[in-house]
Amino acid sequence: MTEAFDTGRPHPARVYDYLLGGKDNFAADRAAAQQGVAANPNAVTAPRQNRAFLQRTVRWLASRRDVKQFLDIGTGLPTRPNVHEVAQGIDPAARVVYADNDPIVLAHARALLTGRAEGRTDYVEADLRDPKSILAAPELRATLDFDQPVGLLLYAVLHFIEDDQDPYGIVKELMDALPAGSYLVVSHITADHDPESWGRFAEIMRGQGIPTRLRSRDEVGRFFDGLELVEPGVVPILQWRPDQEVPFTDTQVALYGGVARKP
């Protein structure tokens, strides 16, 4: 289930690109982002720390050597370092498949998301809300070996899935298709630390046509049901194996994150 190309309507990938300081966005995306930031200035801080969480978790997985392939769904527009750059910087033979539902992301992915010759990268144009289309994509099956562990990466994307679209069922379906030894990585926005400010932000995003479901720590933890959580568990992303001090608080970043292994 892909979406028609419409630059007059904000798209999460392009709004995220704007918040990261990118240039691959349109007036509608910028307007939505600016309204969100006016309601909660921390909406700029959170995406940038999410990218740092991405780097830490991919490095951790790639360093284990038993995970040599990754499926990154809701990848957004290329923002360096991308998953394949982090993974192949540790293991040049790592394989990465990106999936997103924005045609602009597809165009950039084809041009920019190319990895080392020893490894492989590919792109699937598909929607997380339709996991069957992702799992059946020829590009995915040609790039990843589903007999070997896969790192399923869901960074800051599940909060775009409303409860009535069964986000937990979507994650379970994806993980059920992966072999034992695979990993799930999730980051997810929350209002636990500042309900008022993040509630305003979510309301503005919804008013712009972008679903934004704020979830609690327990709700985020449910995505890992049946899996073995890696220490320190589901925590604010600043607390997940930090590699440097940052001048931000959990209230400012407002994202939970976790990594878990499929037994």
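# Reading aromatic contacts, a helix and backbone angles

Tutor: Phe53, Trp60, Tyr155, Tyr183 and Trp240 form one aromatic cluster. This is a predicted model, in which local features need pLDDT of at least 70, side-chain atom pairs count only at pLDDT 80 or more, and totals for chains, interfaces and linings use all residues. Residues are numbered from 1 along each chain as its sequence is written, and side-chain values use heavy atoms, with hydrogens and water left out.

Student: How is a pair of aromatic rings described, and how many aromatic pairs does a search of the whole structure find?

Tutor: The description of such a pair rests on the distance of the centres and the angle of the planes. Rings of Phe, Tyr and Trp (its six-membered ring) pair if their centres lie within 6.5 Å, and planes under 30 degrees apart count as stacked, over 60 as edge-to-face and the rest as tilted. Searching the whole structure gives 6 aromatic pairs. One of them joins phenylalanine 53 and tyrosine 155 edge-to-face, at 6.0 Å centre to centre and with 85° between the planes. That pair links distant parts of the chain, since phenylalanine 53 belongs to helix H3 (residues 42–63) and tyrosine 155 to strand E4, 102 residues apart; helices (H or I, at least four residues) and strands (E, at least two) are DSSP runs, numbered from the N terminus.

Student: Are phenylalanine 53 and tyrosine 155 buried or exposed?

Tutor: Buried means under 20% relative accessible area, exposed over 50%, and partly exposed in between (1.4 Å probe, protein chains only). Phenylalanine 53 counts as buried because its relative accessibility is 0%, and tyrosine 155 is buried at 6%. The rings of tryptophan 60 and tryptophan 240 have centres 6.2 Å apart and planes at 90°, so this pair is edge-to-face. Tryptophan 60 lies in helix H3 and tryptophan 240 in the loop between E7 and helix H11 (250–253), 180 residues apart, and both tryptophan 60 and tryptophan 240 are buried.

Student: Which charged end sits over the ring of tryptophan 240?

Tutor: A charge sits over a ring if NZ of Lys or CZ of Arg is within 6 Å of the ring centre and within 35 degrees of the ring normal. Over tryptophan 240 it is the charged end of arginine 241, 5.3 Å from the ring centre, while arginine 141 lies over the face of phenylalanine 146, at 4.2 Å from the ring centre.

Student: What should helix H9 span, and how far apart are its end C-alpha atoms?

Tutor: The expected span of a helix is 1.5 Å times one less than its number of residues. For the 13 residues of H9 (residues 195–207) this gives 18 Å, which agrees with end C-alpha atoms 18 Å apart. In H9, the residues Ser197, Trp198, Phe201, Ala202 and Met205 are buried. They cover an arc of only 130° around the axis (taken from the directions from the helix axis to the C-beta atoms), which puts them on the same side of H9. The face turned away from that buried side carries the exposed residues Pro195, Glu196, Glu203 and Gly207.

Student: Which residue other than glycine has a positive phi near 50°, and which peptide bond is cis?

Tutor: Alanine 156 has phi near 50°; this residue is in the loop between strand E4 (151–155) and helix H8 (167–176), and is buried at a relative accessible area of 14%. Aspartate 166 has a positive phi near 60°, lies in the loop between E4 and H8, and counts as partly exposed at 44%. The cis peptide bond runs from glutamate 231 to proline 232, with omega near 10°.
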